[in-house]
Every structure is written in C-alpha cells, then in structure tokens.
Amino acid sequence: MLPIELRPEGSADFRAVEELTRNAFWNHHAPGCDEHYLAHILRESSDFVPELDYVAVHDGKVVGNIMYTRAKIVLDRSGEREVLCFGPLAVDPAFQGQGVGGALIERTKTLSRELGYKAILIFGDPEYYSRFGFIPAERYGVGTSWGVYIISLQALELQPGALEDCAGYFQESGDYQIDPEASAAFDKGFPPKEKVSGLPSQERFQWIIQQTKPRL
C-alpha cells in the first residue's frame, strides 16, 4: 500500500487532477480520452457533491482523485430514489496497482454513509469494483435509461435494504454526456499525446459494453 494522504480537493489541485486524469485514461477505453474534460466541468455541475471530491497525495504530489454526483433511480412503481454516482476515479499511471483507487473508494464510501446517502451506482468494470462490494444493479431490478441490463452498471447499498423495491432505471447526471468538440478544444491546452487503438484495455471495454440484455 502506497503511503498517501486523503483530503478534499482544493482549487490549487484542479490542474494536477486534470493532468493525472488525462494520463490515467488516455487510450484506455478508446483512442484519446474525455475524462479530464469531465473532471473540469463536473465541478460546476448542479449535481456535483463537493464534500466527496477527494484527492490522494503522496510525497506532496496529487496522485489520485475521485468525484461524485447525485443521480437517481426512476422507479417502475412511480417516483424516484436518490443515489450517488462517482466518476471519474483516476490514479496517476505511475502509482496504479498500489491501493490508491481503493483507498479513495473506501474513504468516500464511509463519508457518503455519514452524509446520509443510501446507495451508490456506477458504470465500471465489475472485475475491479466487485472488490469493494459492488454487485450488478440487475440484482435489484435496475437497468439503464436505454432499457437494458448491462454488467457494467454496478450498485452498492450504503444502508442495508436501501435498494429493495427499487426496480427501475438509473439516470445519471446529464453532465456525463460529453460534447466531443468541447472536449477536444479543452484538450488542446495540454501537451500533445498520440492516440492509439487496438489496445487490450480498449478491447476489454468493448466487450463489457456489449454484455447487455433487454430489460422487459
């Protein structure tokens, strides 16, 4: 476990967080990435939860970050259930595999519970997030807003029974719908990086998003 300090993100961390997020996600899911632009715009989102915006610091350097937004499940039985969503979760590539991401998740899970939130839903690789107690949202009858169950939609109850009788569809903040032109313009403010395709992480991502079934 890398020795780190976990603390709230401050304005002086913004650029460092955007840089490490860019480095963490570049060519990971697809050639290039948008996650650093997402980190940039989420701070101004009405759905943003600043109390859960945390950084990991090692030897004076910001090496990880996690950001949360409010989201909801639109219930089949009518009504809504407020939940949390996090992302991006980013760790500087030089410090990945040393427990930084897990520490950020565990700290903010505890804080989320203390703040009174009852559940977290995310889109992510189940192979990774299952380590932290996340299970397929399908088990609670929760699917996507486009009408499918997908293995990448993962759920975690912060309070026992919080997602019982919550069958419906997950609706994340609209700020996760990235404008590609705005993202490309923002990226011009960073040093050029080569976009590469055909990487194993990209193939894994494509496989994951194809693992769906209709939500009847």
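Biologist: Is Asp-165 buried or exposed, and what is its relative accessible area?

Modeller: The model is a predicted one. Asp-165 is placed in the loop between strand E9 (153-157) and strand E10. A residue counts as exposed when its relative accessible area is over 50%. Asp-165 is therefore exposed, with a relative accessible area of 56%.

Biologist: What is the phi of Asp-165?

Modeller: Most residues other than glycine have a negative phi. Asp-165 is a residue other than glycine with a positive value, and its phi is near 60°.

Biologist: Which loop holds Asn-27, and is Asn-27 buried or exposed?

Modeller: Asn-27 has a positive phi, near 65°, in a residue other than glycine. Its place is in the loop between H1 and H2. The cut-off for a buried residue is under 20% relative accessible area. With 8% relative accessibility, Asn-27 therefore counts as buried.

Biologist: At what angle do the axes of helix H1 and helix H2 cross?

Modeller: Helix H1 covers residues 14-25 and helix H2 covers residues 35-42. H1 passes H2 in a right-handed crossing. Their axes come within 7 Å, and the angle at which they cross is roughly 150°.

Biologist: Which residues make the contact of H1 with H2?

Modeller: By class, this contact has one nonpolar, three polar and three charged residues. On the H1 side the contact is made by Glu-18, Thr-21, Arg-22 and Phe-25. On the H2 side the residues are Glu-35, His-36 and His-40.

Biologist: How many of the residues of H2 are buried, and which are they?

Modeller: H2 is mostly covered, with six of its eight residues buried. What covers these buried residues includes H1, strand E3 (61-75), E4 and H5. The buried residues of H2 are Glu-35, His-36, Tyr-37, Leu-38, Ala-39 and Leu-42.

Biologist: Which residues does Tyr-176 contact, leaving aside its neighbours within four places in sequence?

Modeller: Tyr-176 is in the loop between strand E10 (168-171) and helix H5 (180-187), and at 15% relative accessibility it counts as buried. Tyr-176 and Glu-35 are 141 residues apart in sequence, yet their C-alpha atoms are 9.4 Å apart in space. Apart from neighbours within four places in sequence, the contacts of Tyr-176 are Leu-38, Leu-42, Thr-69, Cys-85, Phe-86 and Gly-87.

Biologist: What joins Gly-87 and Pro-88, and what is omega there?

Modeller: Pro-88 is found in strand E4. Most peptide bonds are trans. Gly-87 and Pro-88 are joined by a cis peptide bond, for which omega is about 5°.

Biologist: Why is the pair of Phe-86 and Phe-134 described as edge-to-face?

Modeller: The structure holds 10 aromatic pairs. In this pair the ring centres of Phe-86 and Phe-134 are 6.0 Å apart. Planes over 60 degrees apart count as edge-to-face. The planes of Phe-86 and Phe-134 lie at 85°, so the pair is edge-to-face.

Biologist: How many residues apart in sequence are the parts that this pair ties together?

Modeller: Phe-86 is buried, with a relative accessible area of 5%, and Phe-134 also counts as buried, at 2% relative accessibility. Phe-86 lies in strand E4 (residues 80-91), whereas Phe-134 lies in the loop between helix H4 (126-129) and strand E6 (135-136). The pair therefore ties together parts that are 48 residues apart in sequence.

Biologist: Which residues do ring pairs link into a cluster?

Modeller: Rings of Phe, Tyr and Trp pair if their centres lie within 6.5 Å. Such pairs link Phe-86 and Phe-134 into a cluster that also includes Tyr-68, Tyr-128, Tyr-129 and Phe-132.

Biologist: What is the C-alpha separation of Phe-48 and Phe-86?

Modeller: Phe-48 is found in the loop between H2 and strand E2 (54-58), and Phe-48 is buried, with a relative accessible area of 9%. Its contacts beyond four places in sequence include Met-67, Tyr-68 and Thr-69. Phe-48 and Phe-86 are 38 residues apart along the chain, and their C-alpha atoms are separated by 9.7 Å.

Biologist: Over the face of which ring does Arg-43 lie, and at what distance from the ring centre?

Modeller: Arg-43 is one of the residues in contact with Phe-48. The ring over whose face Arg-43 lies is that of Phe-14, and the distance from the ring centre is 3.9 Å.

Terms used: Residues are numbered from 1 along each chain as its sequence is written. This is a predicted model: local features need pLDDT of at least 70, side-chain atom pairs count only at pLDDT 80 or more; totals for chains, interfaces and linings use all residues. Side-chain values use heavy atoms; hydrogens and water are left out. Axes are lines fitted to C-alpha atoms, for helices over the stretch in contact, and angles run from 0 to 180 degrees between N-to-C directions. Helices (H or I, at least four residues) and strands (E, at least two) are DSSP runs, numbered from the N terminus. A crossing is left-handed if the near helix is turned anticlockwise from the far one by less than a right angle, and right-handed if clockwise. Contact means heavy atoms within 4.5 Å. Ala, Val, Leu, Ile, Met, Phe, Trp, Tyr, Cys and Pro count as nonpolar, Asp, Glu, Lys and Arg as charged, and the others, Gly among them, as polar. Rings of Phe, Tyr and Trp (its six-membered ring) pair if their centres lie within 6.5 Å; planes under 30 degrees apart count as stacked, over 60 as edge-to-face and the rest as tilted. Buried means under 20% relative accessible area, exposed over 50%, partly exposed in between (1.4 Å probe, protein chains only). A charge sits over a ring if NZ of Lys or CZ of Arg is within 6 Å of the ring centre and within 35 degrees of the ring normal.
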